[in-house]
Amino acid sequence: MSTRDNILASLRETLRQPDLPFPLLDSPPLTQAERMTVTSASGGLWAQAERFAQEIAAVKGTCELLETETEARLAIVSRLQIWVEEEQAARKTADAERAEDWDVLCWPPAQLHVEGLTHILKETGFKLIEPTDLHDPEQRERIRPVRAGVTSVEAAFASTGSFVVGAGGANARAASLTPFRHLVVVPFSRLFATAEDWLAEMRYAGGLDAYIRRSRNISIVTGPSKSADLEGNLTLGVHGPKVVHAILFDDVQE
Amino acid sequence: MQVDIHAPYKDRIRQALGDPNLRVAVSKATDRMDNARNASMDEIEGERLRSQLRQMKQNVLRNWPDYLQELETNLRQNGCVVHWAEGIEDAQAIVKDIALQNSAKLVVKAKSMATEEIHLNHAMEEAGLRVVETDLGEYIIQLADEPPSHIVAPVIHKRMEEIAEVFQEKLDMPVTRDPTKMTSLARARLRKEFFAADIGISGCNFAIAETGTICIVTNEGNGRMVSSMPRVYVAVMGIEKLVPTVEDAFLQLQALCRSATGQQFTVYCSMTSGPRRKGDVDGPEQVHVVLLDNGRTRMFARGYGEALMCIRCGACLNACPVYQEIGGHAYGSTYNGPIGAVITPALAPEITQFKELPHATSLCGACREACPVKIDLPRLLLDLRSDLVQQGASPTTEALGIKSYSALMSSRRMYESLGKLASIGSNVYAGMSGGNIKFMPPPLNGWTAYRDFAPFARKSFRDWWKERSKKRQRA
C-alpha cells in the first residue's frame, strides 16, 4: 500500500474504535446559519468608510475618503506626487532625483475603477510599469527599484480595515507586495461591513468556491508589513510595503 | 549563557533559569502577547468564537480521512502536485527531489513549524542547497544557529543587544540598536534572496478542503513572497491542518490572529489555490503540497486526538507560568510549552522517548483557558503521565515509593507504628535544629532545599480521640 493509503486506512481504523475518547461520534459541522460574524460595523456606506479609515489607521495605514471618482483620480495623482517628494527628500545622495522615483508598478488602469488614470499619470510625468511575465529576468529586474505600487481590491472590510487583493491575468501580485509604498483604490461598491458579509454575498451568488479556485491567489491585507521580532519593538516595512494608503471613493452615490 | 537543547532535561532547565536575559525577554514578551490576546477576545464574543472553532475542528477530525481526500482531489484539480509523507526521511526526500528536478540552488523559506519538525533546512543544506529563512525572527536565529523557541515568535528569548550582536557578527552591521535600521538591513539582504530564489517553501496554517487552497499567515509579507516570487512553491502541511469551507477558514483565521498576537487579522493571509496560469503576470509555475503524517495518525490512534485540533497560535505558551520562566529551548523539543509537552511524546514512535515533558507543568490550567480550541491540555498531560506509568516508564524511586505506600496503607498496625516512629523521630530531630526540620537526606532534600519541614504531631489523632473520650466518660 502507498503512504497515502496507509495514512487514510489508519485514520479510518482509529475512527472505527468504539471507545475512542476523541472526537465524539456526534460532531456535526458548523453550519452557515450558526457560524458567527466575529466583528461588526454598522451604518450606511459612508459610516462604513469612516470605520474603515479608523481601523486602517489603528494598524498604521492611512486613508482618504472622497465623494466622487474625479476627486479620487486627483487624489491618486497627488498622493503619488507627495511620495516622489518624500522619496527624494529622504535620499541625501547625488542621485537625489533619480528617474525611478517616477516608476509606478500598476495594475492595468482599466482594473482600477477610475477612468482616465493612465492619461493623467503619464501627463504628470509618471511611468507606468506593466510587466507581462515576472519570471522573465529582465522584467523582474525592472520592478526591483520601483518604490510605488497601485492596485484596486476585490473587497474591503470596514470592521477591520482589511482589503483583499486578487491575482491573475495582468493583475500582478507584486504590485501590492514588492514596492515600498502601496496605494490601494477602493470604490464603495467593493466595501463590505465585515469579511463575513462579503463571503455571504459571494456564497449566495453561488460562486464563492469557484471564485477562490479561479483566483489562484488572493491575499487579505490589513495594514503595512510589520514585525515585533526585535524584542517587541514594532517595525514597519519588513518585506511588504512600509506605507499603505487607501483611497476610498463613492461610486454608488446613495 | 545559552540553553543547550541537547543537554539533559534538568540541565536545560537550570541553564534557562540561570540566564537573566532569557527570563527578562521571555516574560516581557509572553506578558505582552497574553494581554493582547485577552483584550482582543474581550472585544468580541470570544467564548462563542472558541466554542465554534472547537465544534468545527472536532467535526474535521471525526471526518478526517474524507476531508483529506476532498482536499487532495481539489488540490490536484487546481494543478497542484500532492505528495504524502509518512515520516521525516520521506518528507525530506520529497522536498529534496523537487529541488533536484528543478536544478535549484537557493531556497527561501517562510516560518514553518512543520519544516522544523522534519529538520528540512539541515537536509537541504546537506544536499548542497542554500536555505534562507525569511521571517525576521527566524532569520536571526538561523544566523545564530539556534532553533526557534516559540511557535509564533521564534526569537522571543533574545534581547535587543543580543540580536544586534548577531547582526554585527554575521552581517557586518555597524554598531546600532535601532530596530528600524536593523529591519532595513534585513529587508535589503532578504530582498536579494527573494528575487534570486529557485524555490519558496512554507508551512500551511490551514488548507481549505472544498477549494484546495493553502493559506499562510504572516505579518511581514514573507509568506506572500515565498509563495509568489520563485518559480516553484512547496507547502509542507501537517495532515490535521484542515478546514472544510472558505467560511470556516475565515473563522479560524480570526481566532488564530486574536489568540496569537491580539490582532483582528494578521497583516497578510495568502491563499493559494494553484500555480500560475498562462497569461498570469506572476506566481509560481509549480505548486507542491506535502501532506505530512510524522506521527499524527499514531497520536490519533493513541487517543490524543484532542490535541490535533491545535491551530499553533502559541497562546498556551504565553499563558503558561512554566514557559514564562524557562522559555522554549529548555523543553528540548521542536514544539514546546504546554502543547509541546503533549504532542511531542504523543507524536513520537514511543511516548517514553519524551517522558520528562508531561511533568514540565504545574497543571494550573491557564493553557486550557487560553486555548482558542479549548483543548484540555492539563487532562492530556495527566493521561500521558498515566500512560507512562502503564508502560513502566516511571523512575524506580517513584515506583518503589508507590509500592511501599500501598503496602503501608493496607496494614493498620504498620501504619500506626510507623506514624509513632515518625512523630518521635521528627520531633527529636526538629528539636535539635530549633523547631523545624531544616535538612533531610535525599531524595527528601528536594523539599528542604527551599523550605523547612514541620515535624509530625506529637500525638496521633487516634490517641488524642481515645484520651478525649476517656475524659468525657469521667466527667
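## What covers helix H1 of chain B

In this predicted model, helix H2 (20-42) and helix H15 (321-326) of chain B are among the elements that cover the buried residues of H1(B). Which residues of helix H1 (residues 9-17) of chain B are buried? They are B:Arg12, B:Ile13 and B:Ala16. Look down the axis of H1(B) and these buried residues fall within an arc of 95 degrees, so they line one face of the helix.

## The biggest nonpolar core

Now for the largest nonpolar core, which holds 205 residues. B:Cys215, B:Val290 and B:Val342 have the most contacts inside this core. As a bit of background, nonpolar side chains tend to be buried together in soluble globular proteins.

Let's zoom in on B:Val342. Leaving out residues up to four places away in sequence, B:Val342 touches B:Tyr304, B:Ala307, B:Leu377, B:Leu380, B:Leu381 and B:Leu384.

## Where the chains meet

Chain B puts 84 residues into the contact, and chain A puts in 69 residues. On the side of chain B that touches chain A, helix H3 (residues 46-62) of chain B gives the most, with nine residues. Sorted by class, that side of chain B has 34 nonpolar, 29 polar and 21 charged residues.

There's strand pairing between the chains, too: strand S9 (residues 217-221) of chain A pairs with strand S9 (residues 268-272) of chain B. The two strands pair in the antiparallel sense, over five bridges. Which residue of S9(B) does A:Val221 stand opposite? That would be B:Tyr268.

Key
Residues are numbered from 1 along each chain as its sequence is written. Chains are lettered from A and ligands numbered from 1 in the order in which they are written. This is a predicted model: local features need pLDDT of at least 70, side-chain atom pairs count only at pLDDT 80 or more; totals for chains, interfaces and linings use all residues. A nonpolar core is a set of buried Ala, Val, Leu, Ile, Met, Phe, Trp, Tyr and Cys residues joined through C-beta atoms within 7 Å. A residue is buried if 20 or more other C-beta atoms lie within 10 Å of its own, exposed if 12 or fewer, and partly exposed in between; C-beta atoms are placed from the backbone. Two residues are in contact if their C-beta atoms, placed from the backbone, lie within 7 Å. Helices (H or I, at least four residues) and strands (E, at least two) are DSSP runs, numbered from the N terminus. Ala, Val, Leu, Ile, Met, Phe, Trp, Tyr, Cys and Pro count as nonpolar, Asp, Glu, Lys and Arg as charged, and the others, Gly among them, as polar. Two strands pair if DSSP finds at least two bridges between them. The arc is that of the directions from the helix axis to the C-beta atoms.
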